[in-house]
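Good morning, and thank you for coming.

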Amino acid sequence: VQPVMAKEELPITSENIDRYFNDVRYELKDPEGGISLIEKALTERDWSFIKTFTQGYDLELRKKKMGYARKMMSDKKMKSDTLMLRNGVTFDLIAINKAARVQDADACLEAIKLLKDDVNQFLAFKDLIKLT
């Protein structure tokens, strides 16, 4: 029987902060990032893509990329605030998926706007991190 491994501790370094926040920023800003792909699919009214993509994107964006960036937070208040934003991302993706199921472009666009706002607010925490 293997002992249970402790959660991975990541040192809060300038390099790690840049790396993990750049991973999140890519999803928001890059034309190949997930949010851009959702917007493109909406423009093309590719509802099937949106429904399929948003189901797995929570794991990629919120759990993985935002999760690693959140480990860089230097105090409990920041961790709490960014947890709320990550939870918001889950609900934004659910709203996008729901809108795609009924092919409601306006609701989908509004949910994408909320998603972008939550990710932008999350990214703003980068400048508040104190190196230890």
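How many helices and how many strands does the secondary structure of the chain come to? It comes to five helices and zero strands. Helices (H or I, at least four residues) and strands (E, at least two) are DSSP runs, numbered from the N terminus. Read from the N terminus on, the order of elements is therefore α-α-α-α-α.

A word on the origin of the values. This is a predicted model, in which local features need pLDDT of at least 70 and side-chain atom pairs count only at pLDDT 80 or more, while totals for chains, interfaces and linings use all residues. Residues are numbered from 1 along each chain as its sequence is written, and side-chain values use heavy atoms, with hydrogens and water left out.

Let me begin with the chain as a whole. Taken along the principal axes, its C-alpha atoms fill a box of roughly 45 × 40 × 25 Å. Of the 132 residues in the chain, 40% are buried. Here buried means under 20% relative accessible area, exposed means over 50%, and partly exposed lies in between (1.4 Å probe, protein chains only). I shall also speak of contact, which means heavy atoms within 4.5 Å. Among the contacts in the chain with a separation of 6 or more, 72% are accounted for by residues 24 or more positions apart.

We turn to the interior. In soluble globular proteins, nonpolar side chains tend to be buried together. A nonpolar core is a set of buried Ala, Val, Leu, Ile, Met, Phe, Trp, Tyr and Cys residues joined through side-chain atoms within 4.5 Å. The largest nonpolar core here has 36 residues, and those that touch the most other members are Phe21, Ile50, Ile96, Cys108, Leu115, Val119 and Phe122. Helices α1 (14-29), α2 (34-43), α3, α4 and α5 each supply at least two residues of this core. Which helix gives the most to this core? It is α5, with eight residues.

Next, a pair of helices. Two packed helices are described by the angle between their axes and the distance between the axes. The axes of α3 (residues 47-70) and α5 (residues 105-124) come within 13 Å and cross at roughly 10°. That makes α3 roughly parallel to α5. Axes are lines fitted to C-alpha atoms, for helices over the stretch in contact, and angles run from 0 to 180 degrees between N-to-C directions. Angles under 35 degrees count as roughly parallel, over 145 as roughly antiparallel, 65 to 115 as roughly perpendicular and the rest as oblique. On the α3 side, the contact is made by Trp47, Ile50, Leu61, Met66, Ala69 and Arg70; on the α5 side, by Ala105, Cys108, Leu115, Val119 and Phe122.

Helix α2 comes next. Its buried residues are Gly34, Ile35, Ser36, Ile38, Ala41 and Leu42. What covers them includes α1, α3, α4 and α5. Is Ser36 buried or exposed? With a relative accessibility of 16%, Ser36 counts as buried. Apart from neighbours within four places in sequence, Ser36 is in contact with Glu27, Leu28, Asp30 and Pro31.

Two loops call for attention. Arg45 is found in the loop between α2 and α3, and its phi is near 55°, a positive value in a residue other than glycine. Arg45 is partly exposed, with a relative accessible area of 46%. In the loop between α4 and α5 we find Gln103. The phi of Gln103 is near 55°, also positive in a residue other than glycine, and Gln103 counts as exposed at 53% relative accessibility.

Asp106 is found in helix α5 and, at 64% relative accessibility, counts as exposed. Asp106 and Leu42 are 64 residues apart in sequence, yet 9.9 Å apart in space, C-alpha to C-alpha.

Finally, Thr90 has its place in helix α4 (residues 76-101). Not counting residues up to four places away in sequence, Thr90 touches Asp58 and Arg62. The C-alpha atoms of Thr90 and Thr54, 36 residues apart along the chain, are separated by 9.6 Å.
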